[in-house]
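This briefing covers chain contacts, domains, the nonpolar core and model confidence. Please read it alongside the sequence and the structure shown below.

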Amino acid sequence: MPELPVEIPIPTPHQAVFIMVAVATGVASLLVVTNRNLFYSALCLVGALFGVAGVYVLLEAEFLAITQVLVYVGAIATLITFAIMLTRGIMFGVTSPNNRYMFAVMSMALLVFLLVAGVVDRVPWAVAEDLTLSGDGKSMIVDLGWEFVTTYALPLELIGLLLLIALVGAVMLARDDE
Amino acid sequence: MAEWYQVLMTALVGAGVPEWIATAVALLAGVTAIGLVAPLIALILVWLLRKVISRIQDRIGPNRVGRFGLLQTIADIVKLLSKEGINPSRADFMAYNLAPILSVFGVLLLFAVVPVTRGLIGVDINVGVLYIVALGSIGIMAALMAGWGSNNKYALLSGFRVVAQLLSYEIPLVLSMLAVVLYAGTMRFGELAEQQGNFLGLGWYVFLMPGAALIFFVCALAESEQTPFDLLEAESELIAGFHIEYSGMRFAMFFLAQFLGGFVFAWVGAAMFLGGWQGPGVDLPGIGGFLAAGYMMIKTFAIYLLMIWVRGTFPRLRVDQMMSFCWKILVPLTVGLISWQMVVQVLELPTPVIAVLVLVGNLLVMGIGLYAVGRAIRQEGFRTKRAFTPDSLIGTMQPVAE
Amino acid sequence: MLLKYAFIFILSGFALVLPLVSIVAGAILGPRKPDPVKNDIYESGLNTIGDTWIQFRAQFYLIGLVFLVFDLEVVFLYPIAMAYGRPEFGMAAVLVTLLFMALLIVGLVYDWRKGGLEWQ
């Protein structure tokens, strides 16, 4: 039996599911930017956001996953859909994704990708010895909450301040001018 | 206590089945069980609602098909199946057809985390409470899509109200659940029920946190689009709301989702505030498990009956009243309740004292809330009286005096 | 733990199939006699006048934004509530949380005072 030049690894169930979720997320994200109907783009965005939640689940970060669904699918995607609904004439309107900003946006996206990739590559990530965590996921959420009010107390307050500014800004924008 | 799928898998592996097949069989069996039970519950709920509402309105209700009209819903389904599904010519195909599927999808997923008895929960995940809220918001998306995709003015207006109502009431809902999580220190429904087992299984959180329980109930009514919060489908204003253009099975899907949604909220309320499966005698060997499952169902149906009672007796709120009630009464009250609980629980006090202080806070919240509602009602009555003075009615509605 | 989410994953597949099958069954079993009047927009028997897109109020969108801000706050509060079980959780931690909540309440009060919560 002839040997293959490279050994093709057989994925474990965990890896197989990850590949499925990752490909689905990637395809959905691609559809978001290539779709000609803005409303379908928003639908694909929901799919992509769910896919990211799936990746978090595979990383056993269930709180992050449920937050992803709660905030992005439940709030942000709903708001985006709502904004599209409110815009006149989008329903049957077809917009082209290739407008004059295409190259500027693409180069920006590439820059951001390189930046993120560089950071991911250079940060010395703490690697777990074993994929299965010691203890249950509950202690992880407890630790997270504890870190919020101790180590990251200042960032937490800054987030609170940011949310306050966002709220004030929203009121200012949406207020009817008498 | 082992969970149901562990028991099932151990039994299968013991019988010589390979482990991965055992896993697959166990999971599929669980999914099938939910898939069979959920539509069955919906059948019962539709019958129950029609029967109880009829009695409230001094009618008999369905009584022709089967004994007590029990088979009426099945006859309805047969009728709905044989109805024409009209495709409105100006609707957006994708949004219009996806909306009913998504609404059922979001509700069926909620059945995964609600408990039946000890060890018999779809899955007892660590973020169970947040899971209910997060997946519940798929229904908002579905209603929004239906309202927009139908290309109908009334449906679109209803879609706007979806955002106003369902999104707004999610905040006090989550905050009232947070009050329980804060006290219990867990988001798992199994552990929440386990912790209410004191005093012969009667240490329910509703006795400790009546305020949070009341706010939860009100928000559950709003989230499941029931009277007095059924502005989304206010017949007198919007004809039928976001599902006005739907017919046949697609319409039935919205109905299914609405009934099951209300039932899941009743179930979650029973698990969080009424002690879940806890009750006298659940630790008895043999019958204890059945007794516990029975308690769980009785409590859930009790809350659902309460919802029906409210539906049969309360008038509908106006949009501005609904919004003010949420943002000016419920949100400040829940935030205040949580702040109070945070301060009380961190003090180095014995547990009974903390419990009493939490109860005091809850009673205070209930008192303030009911007072604010009462004052608003009195003001509303005053305003209405002034708008329709007897003078303005002369010649229009007043009977001519002899 | 992943087993639990595998269950939810399978259930989600099932939850998509169940309504889909019901709707397809309804489409097969039901009659199919479209006509222009039947398929037109339903408006209590009247002909529709004008566009579906009536003038909307930005206030609906404002409610959405306020919701988003509060939703985010809740996400932070849940782990903190879970951390209450730790014995070292003291008054300092509570004050941090209360300050965080107070910032949001300031926002709500501002919104209230500016009339963002009034529904005309």
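Two residues are in contact if their C-beta atoms, placed from the backbone, lie within 7 Å. By that criterion, and leaving out residues up to four places away in sequence, B:Val181 touches B:Val129, B:Met187, C:Tyr78, C:Ala81 and C:Met82. This is a predicted model, in which local features need pLDDT of at least 70 and side-chain atom pairs count only at pLDDT 80 or more, while totals for chains, interfaces and linings use all residues. Residues are numbered from 1 along each chain as its sequence is written, and chains are lettered from A and ligands numbered from 1 in the order in which they are written.

**Contact between chains B and C**

- Chain C puts 57 residues into the contact, and chain B puts in 66 residues.
- On the side of chain C that touches chain B, the elements giving two or more residues are helix 1 (2-29), helix 2 (58-82) and helix 3 (91-113) of chain C; helices here are DSSP runs of H or I with at least four residues, numbered from the N terminus.
- Helix 1 of chain C gives the most to that side, with 19 residues.
- That side of chain C has 41 nonpolar, 11 polar and five charged residues, where Ala, Val, Leu, Ile, Met, Phe, Trp, Tyr, Cys and Pro count as nonpolar, Asp, Glu, Lys and Arg as charged, and the others, Gly among them, as polar.

**Domains of chain B**

- Chain B is assigned domain 1 (1-82) and domain 2 (89-319), with bounds from an automatic or database domain assignment.
- The centres of domain 1 and domain 2 of chain B, taken over C-alpha atoms, are 17 Å apart.
- Between these domains of chain B, 18 residues of domain 1 are in contact with 19 residues of domain 2.
- Helix 2 of chain B supplies the largest share of the domain 1 side, 11 residues.
- By class, the domain 1 side has 15 nonpolar, two polar and one charged residues.

**Nonpolar core**

- The largest nonpolar core has 203 residues, and B:Leu178 and B:Val181 have the most contacts inside it.
- Such a core is a set of buried Ala, Val, Leu, Ile, Met, Phe, Trp, Tyr and Cys residues joined through C-beta atoms within 7 Å; buried means that 20 or more other C-beta atoms lie within 10 Å of a residue's own.
- Helix 6 (residues 153-184) of chain B provides the largest share of this core, 23 residues.

**Confidence in chain B**

- Among the elements of chain B, helix 10 (residues 210-223) has the highest mean pLDDT (92) and helix 16 (residues 390-393) the lowest (50).
- Over residues 392-402 of chain B pLDDT stays under 50, and the model has two contacts beyond four places in sequence for them.

Key
Buried ≥ 20, exposed ≤ 12 C-beta atoms within 10 Å, placed from the backbone. pLDDT = per-residue confidence, 0-100.
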